[in-house]
Amino acid sequence: MIDLTLDARTDRVDWSEAKRLLHEDDFDNGRSPEDFRRCFENSQNVVYARADGQLVGMARMLSDGICNAYLLDVWTSALHRRRGIGSRMVRDLLAQVPGHHVGLQTDDAEGFYRSLGFQKQRIFMSTIVGTWLDHGQH
């Protein structure tokens, strides 16, 4: 039995280690450890899952604080999947935004999100401004 805890302590995350774990799980989309840190620090709601003190999951949500939110970067370590950790993290984040319409985008976890009450929407549109991950800070 693992000792699982959830918290929102961004200052307790070793972002280089987190990047390594994400890369091992093929969940790395090119962001640097510093990029990941900034993404989570700049999000309204975050959650980290730790098993026996080690990072095994994380997720974040952007919100306008009134009626719209966006769930993203939901990750559970491959060694800890299918134990309810991802569901607990998502439910924790959803509890923080009552009355909000919460959207997300997924390539391969539709069943997981359906089990948490999400429904497929007809249209989702997006664009990338300039070049992906190039913030013009050279």
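This is a predicted model: local features need pLDDT of at least 70, side-chain atom pairs count only at pLDDT 80 or more; totals for chains, interfaces and linings use all residues.
T106 is partly exposed, with a relative accessible area of 31% (buried means under 20%, exposed over 50%, and partly exposed in between, using a 1.4 Å probe and protein chains only). T106 sits in the loop between β5 and α4. Helices and strands here are DSSP runs numbered from the N terminus: helices are H or I with at least four residues, strands are E with at least two.

Residues are numbered from 1 along each chain as its sequence is written, and side-chain values use heavy atoms, with hydrogens and water left out.

## The largest core

The largest nonpolar core holds 19 residues. Such a core is a set of buried Ala, Val, Leu, Ile, Met, Phe, Trp, Tyr and Cys residues joined through side-chain atoms within 4.5 Å. L71, V90 and F118 have the most contacts inside this core. At least two residues come from each of β2 (45-51), β3 (54-63), β4 (68-76) and α3 (85-95). Helix α3 gives the most, with four residues.

F118 touches L71, V90, L94, V102, L104 and Y113, leaving out residues up to four places away in sequence. Contact means heavy atoms within 4.5 Å.

## A second core

A second, separate core has twelve residues. V13, F36, Y48 and L55 are among them. In soluble globular proteins, nonpolar side chains tend to be buried together.

## Helices α1 and α2

Helix α1 spans residues 15-24. Its buried residues are W15, A18, K19, L21 and L22. Seen down the axis of α1, these residues fall within an arc of 165°, so they line one face of the helix. The arc is that of the directions from the helix axis to the C-beta atoms. S16, H23 and E24 are exposed on the other side of α1. The buried residues of α1 pack against α2, β2, β3 and β4.

Helix α2 covers residues 33-41. D35, F36 and F40 are its buried residues. Down the axis of α2, they fall within an arc of 130°, so they too line one face of their helix. The buried residues of α2 pack against α1, β2, β3 and β4.

## Loops around α1

Two residues of interest lie in the loop between β1 (4-7) and α1: T10 and R9. T10 is buried, at 13% relative accessible area. R9 is partly exposed, at 40%. T10 touches W15, E41, V46 and Y48, not counting residues up to four places away in sequence. With neighbours within four places set aside, R9 is in contact with Y48 and R50. R9 and Y48 are 39 residues apart in sequence, and their C-alpha atoms are 7.3 Å apart.

D26 lies in the loop between α1 and α2. D26 is exposed, with a relative accessible area of 72%. D26 and A78 are 52 residues apart in sequence and 9.7 Å apart in space, C-alpha to C-alpha.

## Two positive phi values

Most residues other than glycine have a negative phi. D52 has a positive phi near 50°. D52 is in the loop between β2 and β3. D73 also has a positive phi, near 55°. D73 belongs to strand β4. D73 counts as buried, at 15% relative accessibility.

## The second largest pocket

The second largest pocket contains about 460 Å³ of space. On a 1 Å grid over the protein atoms alone, a pocket is an open set of points where a 1.4 Å probe fits, with protein on both sides within 12 Å along at least five of seven lines; lining residues have an atom within 4 Å of a point. Grid points are joined across faces, edges and corners, and the volume is the space filled by probe spheres set on the points.

The lining has 17 residues. L104, Q105, Q119, K120 and Q121 lie nearest the centre of the pocket. At least two lining residues come from each of β5 (101-103) and α4 (110-115). Seven lining residues are nonpolar, six polar and four charged. Ala, Val, Leu, Ile, Met, Phe, Trp, Tyr, Cys and Pro count as nonpolar, Asp, Glu, Lys and Arg as charged, and the others, Gly among them, as polar.
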